[in-house]
Amino acid sequence: MTALRLVDVSARLGGRTILHEVNLEIPDGARLGIVGVNGAGKSTLLRVLAGVLSPHAGTALLNGADMRRIPARDRARRLSFVPQEDVGTPELRVGEMVALGRVPQTRPWSRDSRAEHDLVRAALAAVGLADRIDTACDQLSGGERRRAVLARGLAQQCPIMLLDEPTNHLDVAWQLEMLDVFAARARTLVATLHDLDLALRFFDLLAVVGFERPGEPAGIVAFGPPAEVLDAARVATHFGVGSVQVPHPSRDQTHLLIHPREDTPPA
Ligand SMILES: Nc1ncnc2c1ncn2[C@@H]1O[C@H](COP(=O)(O)OP(=O)(O)OP(=O)(O)O)[C@@H](O)[C@H]1O
């Protein structure tokens, strides 16, 4: 079963083709990371997958159905999307902002129920902000605000969760913790990320958004298991840096060390 699928999708923004003929299949239960350089088109791809940007050509499918035929509320019950620069709603309290994530799942008369309050509280506890439920959103730090917005995505309780740079603004411990929290709660998780080392370790599939030839629209230039996708030649070609995969000295995990491209790693 496929959670999300793109068939020959092209996407245009401001009259320019950003993505061209993208084909992508995200299996149900996958953890897919999307990587690529600035401006490659990762956010655009995620917005197409979330159904907030309609393809200019081709088809985006959610659970096998054309996204355009799925009513917005139904889509929001199956899929939550946390955009990159979403800073919440400054005039709301944190709890009220997180409760907005419940709107697709509830009817107006049930929104004040004990169960709903508990759910919002649990989402905030998962991001370490249970004690800030009554704080105004604009009184949070950058990282706290990011975690509060992520809590809104969690509260939506969808089987598919799409996160655009969820680790932005977060300290290192929260970067790891947030990814683990989402992995535990989403059945299918798709996230963009700039940290290639974290991408190598955390996801079970990676897609590189990039350019086959300069000046052409972007596409998916590599897709598969992270250790294969992030081989040294591909990292050099698509990220402009040298790299080497090394085992952690005491843990069963592989890390990606990055160095300037002209540098030769010690033998
Ligand atoms: N509203 C817009 N109108 C026109 N062009 C846009 C618009 N938004 C983004 N673009 C362009 O689309 C291209 C892809 O942008 P996108 O945000 O998808 O890249 P990204 O890979 O997510 O980048 P980053 O890593 O910097 O967040 C860029 O060249 C960008 O300038």
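Helices here are DSSP runs of at least four residues, numbered from the N terminus. The model is predicted.

**The sheet**

An open sheet of 4 strands runs in the order E2-E1-E4-E5, with antiparallel pairing. Strand E2 (16-27) and strand E5 (65-66) are the edge strands. Each has a single partner strand, so one side of each has no neighbour in the sheet. Strand E1 (residues 2-13) is joined to E2 by 8 bridges, and the two run antiparallel. One point to look up in the structure is Val9, whose bridge partner in E2 is Val22.

Helix H1 (residues 42-50) lies across E1, E2 and strand E4 (57-62). Relative to E1, H1 runs at about 125 degrees.

**Around the ligand**

Which residues surround the ligand? They are Leu13, Gly14, Arg16, Ile18, Gly36, Asn38, Gly39, Ala40, Gly41, Lys42, Ser43 and Thr44. E2 and H1 are the elements that give two or more residues to this shell. H1 gives the most, with 3 residues. By class, the shell has 3 nonpolar, 7 polar and 2 charged residues.

**Two helices side by side**

Helix H5 (residues 142-155) and helix H6 (residues 172-185) have axes that come within 12 Å. The axes cross at roughly 5 degrees. Angles under 35 degrees count as roughly parallel, and H5 and H6 are therefore roughly parallel to each other. On the H5 side, the contact is made by Gly143, Arg147, Leu150 and Leu154. They meet Trp174, Met178 and Arg185 in H6. The residues of this contact divide into 4 nonpolar, 1 polar and 2 charged.

**Arg121**

Arg121 lies in helix H4 (residues 114-126). Is Arg121 buried, exposed or partly exposed? Arg121 has 17 other C-beta atoms within 10 Å. A buried residue needs 20 or more, and an exposed one has 12 or fewer. Arg121 is therefore partly exposed.

What does Arg121 touch, leaving aside residues up to four places away in sequence? Its contacts are Ala130 and Ile133. Ala155 is 34 residues from Arg121 in sequence. In space, the two are 9.2 Å apart, C-alpha to C-alpha.

Conventions. Residues are numbered from 1 along each chain as its sequence is written. This is a predicted model: local features need pLDDT of at least 70, side-chain atom pairs count only at pLDDT 80 or more; totals for chains, interfaces and linings use all residues. Two residues are in contact if their C-beta atoms, placed from the backbone, lie within 7 Å. Two strands pair if DSSP finds at least two bridges between them. Axes are lines fitted to C-alpha atoms, for helices over the stretch in contact, and angles run from 0 to 180 degrees between N-to-C directions. A residue is near a molecule or strand if its C-beta atom, placed from the backbone, lies within 6 Å of it. Ala, Val, Leu, Ile, Met, Phe, Trp, Tyr, Cys and Pro count as nonpolar, Asp, Glu, Lys and Arg as charged, and the others, Gly among them, as polar. Angles under 35 degrees count as roughly parallel, over 145 as roughly antiparallel, 65 to 115 as roughly perpendicular and the rest as oblique.
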